[in-house]
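Please look over the model shown here before reading the notes below it.

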Amino acid sequence: MIRIISAFILAMASALCAAAGQELQLADGAPASHVVVPGDTLWGISGRFLKEPWRWPEIWRMNREQIRNPHRIYPGDVIVLERDPQGNPMLRLQSARLEPQVHAELIDQAIPAIPPNVIRPFLSAPLIVEAHALDHAPRIVATAVDRVFLGNGDLAYVADADPARLDWQIYRNGKPLHDPESGQILGYEAFYLGTARQVERGNPATFEMVTVTQEVGYGDRLLPTISPPLIAYVPHRPDFAVNGRVISVYGGVDVAGRGSIVSINRGSTDGIEIGHVLALERNRVVSGRDEQDGKATLAIPPQRIGLLFVFRIFDRISYGLVVQSEGTVDINDFARTP
């Protein structure tokens, strides 16, 4: 699944290595126009016109408000490539004029920036919870067949579940995420175990395990299922200096590579937005000699090791997809404005 996400936004990787403010470069053989068809995405369409498709907000001449609420484009619309008086390329939306047809098809869904289904699994799960947030959540207190672990279709009894909520997600308390700068606990990465449905109300209530991705057992906690939000994933560079750190690699491993999900110690309170693209860097030191020809340790310019596309934010933590990496991305590496 992560590889699928990468396929749609990996094209931003080489573009972000260039300095901000460079002229837009058209793709070789860029068409004069493109008729939108079902299955198109804003990302894919921009790749037809630009060598650097991550910069599509620029060729659309989008301001900050439009980045938050981008164009609504529908199958049948025509995208036209034009140039402004200074000769810079720009795209214009031209709605297609309907002609008499033998049959008609209702089109009520605008095309998305990227296919929403590929990121949805990472949106519906909370991932980050505040300290002790799961302590008072409904918990599994017994199983129907006295099993230690539950699988799909098994029944469990849950204490203190809201009788008005039918669909739930199952979690276990996860590891604390520390800020490497202050040492504070920024939150807890909840360990997602699967989904369950309340089939008989009561206290305890009877739940059926719907999808079990990890072993589920006594003491595991449940939270109501949330609907994935509809978000415009528009890649853009932060307009302020970001100097964050990688604090975890999703999945319980210590190093990340291209296609991995990582979290950083910067969130909405720090101005991070969904769609921000950050450079992953590693500070470096080398052994040298001082003026007295003695051994000395010298700091040299940071090494760019990858690029990060932010797709979900919390107050003090953000999650992003590593879309480019030179070697591995390690915990404590830096996430900075490219």
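## Basis of the report

This is a predicted model, in which local features need pLDDT of at least 70 and side-chain atom pairs count only at pLDDT 80 or more, while totals for chains, interfaces and linings use all residues. Residues are numbered from 1 along each chain as its sequence is written, and side-chain values use heavy atoms, with hydrogens and water left out.

## The whole protein

The protein contains six helices and 22 strands. Helices (H or I, at least four residues) and strands (E, at least two) are DSSP runs, numbered from the N terminus.

Of the 338 residues, 45% are buried. Buried means under 20% relative accessible area, exposed means over 50%, and partly exposed lies in between (1.4 Å probe, protein chains only). The protein exposes about 17600 Å², and carbon and sulfur atoms supply 51% of this area; accessible areas come from the Shrake-Rupley method with a 1.4 Å probe, and for residues only the protein chains shown count as cover.

A contact means heavy atoms within 4.5 Å. Among contacts between residues at least 6 apart in sequence, 69% join residues at least 24 apart.

## A three-stranded sheet

Three strands form an open antiparallel sheet in the order E4-E10-E9. Its edge strands are E4 (128-129) and E9 (176-178), each of which pairs on one side only. Two strands pair if DSSP finds at least two bridges between them.

E9 and E10 (residues 185-189) are joined by three bridges in the antiparallel sense. Which residue in E10 is the bridge partner of His-178? The partner is Ile-185.

## Ser-263

Ser-263 lies in strand E17 (residues 261-264). Is Ser-263 buried or exposed? Ser-263 is buried, because its relative accessible area is 0%.

Not counting residues up to four places away in sequence, Ser-263 touches several residues, including Leu-177, Val-246 and Tyr-319. Val-246 is 17 residues from Ser-263 in sequence, and their C-alpha atoms are 5.9 Å apart. The side chains of Ser-263 and Ser-248 make a polar contact (2.5 Å). A polar contact is a pair of N or O atoms within 3.5 Å; within protein, one must be able to donate a hydrogen and the other to accept it, and residues adjacent in sequence count only if both atoms are side-chain atoms.

## Asn-265

Asn-265 sits in the loop between E17 and strand E18 (277-289). Asn-265 counts as buried because its relative accessibility is 3%.

The side chain of Asn-265 makes a polar contact with the side chain of Asp-179 (3.2 Å). The Asn-265 side chain also reaches the backbone nitrogen of Arg-245 at 2.5 Å.
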